[in-house]
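Please look over the sequence and the three-dimensional structure shown here before reading on. The report is written for a reader who is new to describing proteins.

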Amino acid sequence: VEKVSVIIRQLLDFSRHRPVRTVAVRLGDVLGGVEALLEHRFRQAEVALAVDVQPGLAPVRADPGQLEQVLVNLVLNACDACPPGGHVRVRAAAREDGVVVEVSDDGCGIPPELLPRVTDPFFTTKKRGQGTGLGLTIVADIVKNHEGTLEIESVPHRGTTVRVTLPMADAPSEHEGDRR
């Protein structure tokens with residue numbers, strides 16, 4: 001029943017277009033909350049989580065709840081990809097085109113032929129019953145609605161890096177006044 005409830009909630013989130021109400025958000029604060037939220041899960045999985053935020057990092061322009069959803073999804077996926085003893089590293093730093101958050105793991109990786117499909121609705125590389133195939137679809141949609149970019153690099157048996165680039169809070173929005 002709990003699993004069905006999660007799937008239904010994800011389907012509703014996916015189908016319901018929620019408006020993006022952006023404010024200046026400090027990634028360090030959001031990542032600290034994600035780290036605390038998932039601490040128990042990482043301990044249970046026996047996977048190490050390291051979070052590294054560049055000191056003095058400029059805030060991003062984002063909806064805090066949606067940004068947290070993106071980060072939770074990415075960090076959980078990374079944890080799920082790792083065997084016991086694995087490592088997940090989250091890094092946030094400024095770049096010329098915005099602020100970049102990288103979530104890297106040393107897990108199972110994704111075969112190259114499957115990589116183009118990972119953001120397709122209902123596609124999953126997880127074992128049957130372990131994933132709905134909506135996590136990365138929702139992540140991609142949220143990132144796009146925030147005028148950001150999503151890049152995924154993966155090598156089978158070596159790990160995956162997901163890179164999200166978001167505009168800095170002081171950067172002009174192409175949808176100024178239209179916060180979808």
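This is a predicted model: local features need pLDDT of at least 70, side-chain atom pairs count only at pLDDT 80 or more; totals for chains, interfaces and linings use all residues.

Residues are numbered from 1 along each chain as its sequence is written, and side-chain values use heavy atoms, with hydrogens and water left out.

**Helix packing**

Two packed helices are described by the angle between their axes and the distance between the axes. Helices (H or I, at least four residues) and strands (E, at least two) are DSSP runs, numbered from the N terminus. Axes are lines fitted to C-alpha atoms, for helices over the stretch in contact, and angles run from 0 to 180 degrees between N-to-C directions.

The axes of helix α2 (residues 27-45) and helix α3 (residues 64-81) come within 10 Å and cross at roughly 30°. That angle makes α2 roughly parallel to α3, where angles under 35 degrees count as roughly parallel, over 145 as roughly antiparallel, 65 to 115 as roughly perpendicular and the rest as oblique. The crossing in which α2 passes α3 is right-handed; a crossing is left-handed if the near helix is turned anticlockwise from the far one by less than a right angle, and right-handed if clockwise. Among the residues of α2 that meet α3 are Leu31, Leu38 and Phe42, and those of α3 that meet α2 include Leu71, Val75 and Cys79, contact meaning heavy atoms within 4.5 Å. By class, the contact of α2 with α3 has 14 nonpolar, no polar and 3 charged residues. In this count Ala, Val, Leu, Ile, Met, Phe, Trp, Tyr, Cys and Pro are nonpolar, Asp, Glu, Lys and Arg are charged, and the others, Gly among them, are polar.

Helix α3 also packs against helix α4 (residues 135-145), at an angle of about 145° and with the axes 9 Å apart, and α3 passes α4 in a left-handed crossing. The contact includes Val70, Asn73 and Asn77 of α3 together with Gly135, Ile138 and Ile142 of α4. By class, the contact of α3 with α4 has 7 nonpolar, 5 polar and no charged residues.

**Salt bridges**

The structure holds 9 salt bridges, each being a side-chain nitrogen of Lys or Arg within 4 Å of a carboxyl oxygen of Asp or Glu. Three of these pairs are set out here.

| Pair | N to O distance |
|---|---|
| Arg43 and Glu39 | 3.4 Å |
| Arg61 and Glu147 | 3.3 Å |
| Glu102 and Arg163 | 2.7 Å |

Arg61 lies in strand β3 (residues 60-62) and Glu147 in the loop between α4 and β6 (149-155), so this pair ties together parts that are 86 residues apart in sequence. Arg61 is buried at 6% relative accessibility, whereas Glu147 is partly exposed at 25%; buried means under 20% relative accessible area, exposed over 50%, and partly exposed in between (1.4 Å probe, protein chains only). Arg43 and Glu39, being 4 residues apart in helix α2, are separated by about one helical turn.

**A histidine in a loop**

His146 lies in the loop between α4 and β6 and is buried, with a relative accessible area of 5%. Not counting residues up to four places away in sequence, His146 touches several residues, including Arg61, Gln66 and Pro167.
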